[in-house]
Amino acid sequence: MSTTHATAPPEDRARKPLTPKSIAIWVLVAVIGAIGWSVLALAQGEEISAAWMVAAALGSYAIAYRFYSKFIAWRVLKVDRNRATPAELNDNGVDFHPTDRRVLLGHHFAAISGAGPLVGPVLAAQMGYLPGTIWIVAGVIFAGAVQDMVVLFFSTRRGGRSLGQMAREEIGPVGGAAALVGVFAIMIILLAVLALVVVNALAGSPWGTFSIGMTIPIALFMGFYLRVIRPGRVAEVSVVGIVLLLLALVGGKYIADSSLADTFTLSKEALVIWIVVYSFIASVLPVWMLLAPRDYLSTFMKFGTIGLLFVGVLVASPALKMDGVTDFAGAGTGPVFAGSLFPFVFITIACGAVSGFHALISSGTTPKMLQKETQIRMIGYGSMLMESSVAIMAMIAACVLDPGLFFGMNSAPGVIGTTVQSASEAINNMGYVITPEALTAAAKSVEEASLLSRTGGAPTFALGVSEIFSAVTGDGLKAFWYHFAIMFEALFILTALDAGTRVGRFMLQDSLGNIYKPLKKVSWWPGLIVTSAITTALWGYFLWTGVKDPLGGINQLFPLFGISNQLLAAIALTVCTTLLIKSGRLKFAWVTGLPTLWLAVVTLTASWQKVFSTDVKVGFFELRSQAQAAIDAGKPFPPAKTIGETETAVTNATVQGTLSAVFALLVIIVIIDATRVCVKALRNPEAVVSHEDPYVESKFVAPAQLFATKEEKAELEAAGLGSGGGRISEDREGQPA
């Protein structure tokens with residue numbers, strides 16, 4: 001018997017009753033979280049400290065991870081520490097590679113953390129801090145983290161197959177085909193949107209371009225260090241990586257102030273080329289060489305910055321200046337985005353609560369790198385809680401700003417005009433008071449010419465970050481923190497882009513592999529080169545066109561980002577629910593079934609309104625109709641200034657409305673077909689065909705959580721392995737632990 005069986009199974013250890021000390025600790029955590037929620041909910045117009053939001057969120061996350069994720073792992077999924085993973089069975093050093101859980105946690109967190117958790121909560125602050133905060137925390141606990149964890153489990157049990165391919169195998173040709181088409185089309189839109197945010201953040205920024213560019217050679221060094229120079233020495237390479245990253249950040253500031261600034265000041269067009277080339281290379285190189293170490297490196301900066309922000313909030317205790325619930329929540333006429341609280345808060349806040357993009361990573365790169373099934377809980381559920389904490393910090397960053405300044409930054413010129421005088425008047429008419437002098441002073445404090453109409457959420461997040469950090473370090477560094485946050489956001493998003501491109505390649509290989517079998521070998525070099533090139537070219541085309549034409553390319557598809565991402569999550573949760581039922585877990589199907597139902601209602605309601613609403617600010621086809629009427633009358637339709645721009649607006653609205661309807665229809669097809677399959681499985685369980693890979697006993701030993709338990713340390717020592725774990729050597733098999 002191998003040493004993997006020499007100690008008590010983790011599920012036995014997991015059933016140990018809580019000690020009095022543990023009970024006291026968890027009661028304290030629950031009380032702190034409950035007080036935080038009570039303060040947030042019961043505040044009646046007065047300003048309250050943002051620290052209460054931190055207490056409410058962190059208390060909820062801790063309880064959810066300790067109890068709910070453990071329940072799902074051991075009772076619902078029944079993860080098996082003795083079962084070999086695809087990474088162990090198919091290790092080829094290209095796509096399949098057992099990766100230290102600490103590095104993989106960093107990769108997964110970096111890959112799923114794109115623009116959403118930074119931008120969505122900022123925009124949703126228009127409705128007040130309370131609705132968005134509730135959705136961020138409740139959404140991640142019961143939907144987002146559950147989706148990521150369950151998709152990762154089922155993909156791991158199926159050789160690391162992509163979400164679309166699992167849908168095709170488990171639901172059938174009709175629903176599966178709808179899922180394949182919908183998932184890949186949405187994937188291309190999401191990647192192009194992420195890339196556009198990076199381009200906009202780095203254009204004209206030598207500091208950001210240099211610092212982010214340097215993460216590539218640093219990551220390559222870290223990859224070779226772990227693979228060749230000092231295998232398994234994660235702690236060593238982490239220290240080296242952190243030091244080099246800090247030097248790159250400091251060096252970027254130096255470069256920006258030196259004669260080399262022009263060299264690293266790139267146009268949007270040049271950035272598009274560099275990003276496309278980088279993403280292609282990152283998607284084809286062995287995963288250990290660049291992708292995993294770069295994401296791991298990025299995680300230090302990502303979570304380090306967010307961690308410092310939490311500390312800054314606790315130390316400075318800034319007040320939440322935005323109302324708990326604003327008048328815009330009910331009226332649906334907000335200047336940032338139109339639409340009522342339901343369903344649009346749940347669409348605007350995607351990443352951080354639940355995001356379909358995450359399901360692509362959980363069925364893409366991560367299952368091909370997982371050492372042990374027992375790590376699924378930490379990496380799937382834990383990473384999503386980490387991302388949700390980013391969304392909470394984004395909400396805080398937006399809500400500690402003066403509301404007048406917030407609306408000045410996030411309202412379009414057509415709403416507030418182009419001068420501080422017109423903006424002040426428009427904002428005052430909204431019910432929020434701010435003077436032209438205050439708007440000018442805010443811009444000057446961060447060394448910007450103007451902060452008016454800096455829409456998209458990213459500048460608002462950066463300004464909020466500068467407010468929090470400067471409250472601790474002094475106003476003299478406010479401009480530094482603002483520009484640091486802008487660069488931080490670009491790094492945050494870029495790591496999702498390179499992993500997403502690789503996942504897009506996997507999806508295309510799975511899909512085309514149904515026609516040409518060799519393509520199913522994901523590490524077959526001719527196949528991976530061709531499919532990577534196709535994937536990169538598709539989103540690269542939309543990105544290039546969008547950069548060249550402010551009304552074309554990905555700008556045309558940008559309004560679909562939120563809805564399409566949530567529709568993708570509905571597809572992923574539908575597949576998860578189907579698999580739970582088909583695998584005999586009917587009594588636990590509510591775990592994914594309830595969030596599936598909620599997301600289906602939210603996304604289909606939003607899709608219906610975006611297609612059929614008679615409000616020109618909401619309905620795509622209503623916008624098309626009125627813009628076409630303006631063209632027929634020989635007039636431009638605001639905010640378009642010419643007939644030509646109005647004609648483009650007509651085209652864009654037609655495309656947006658049509659795609660919204662098509663995506664919604666695809667989701668409906670998937671849900672209906674999945675329901676048919678589930679009913680059939682319940683009526684005739686013996687007829688269910690399992691696509692789960694055969695059981696193979698694992699020869700790998702590795703801890704389940706970030707820190708090894710006493711039993712796991714003993715197991716590693718008996719196997720002669722370090723803290724990262726590894727394969728049991730043949731001469732040690734059969735020896736007692």
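Select L18, I23, V27, V31, I35, W52 and F67: together they make a nonpolar surface patch with about 560 Å² of accessible area. Patch members have over 30% relative accessible area and no salt bridge, and nonpolar side chains are joined within 5 Å; areas are Shrake-Rupley values with a 1.4 Å probe, and a salt bridge is a Lys or Arg side-chain nitrogen within 4 Å of an Asp or Glu carboxyl oxygen. The model is predicted, with pLDDT of at least 70 needed for local features and 80 or more for side-chain atom pairs, while totals for chains, interfaces and linings use all residues. Numbering starts from 1 along each chain, and side-chain values use heavy atoms, without hydrogens or water.

Colour helix 2 (20-42) and helix 3 (51-77) next; each supplies at least two patch residues. Helices here are DSSP runs of H or I, at least four residues long. Helix 2 gives the largest share, 4 residues. F67 lies in helix 3 and is partly exposed at 34% relative accessible area, where buried is under 20%, exposed over 50%, and partly exposed in between.

Centre on Y129. Beyond four places in sequence, its contacts (heavy atoms within 4.5 Å) include L40, I48, M53, D323 and C399.

Finish at helix 12 (residues 268-284), where the buried residues include L271, I275, Y278 and A282. Its 17 residues reach 25 Å from first C-alpha to last, close to the 24 Å expected at 1.5 Å times one less than the number of residues.

Key
Patches are made of residues with over 30% relative accessible area and no salt bridge: like charges are joined within 9 Å, nonpolar side chains (Val, Leu, Ile, Met, Phe, Trp, Tyr) within 5 Å. Buried means under 20% relative accessible area, exposed over 50%, partly exposed in between (1.4 Å probe, protein chains only).
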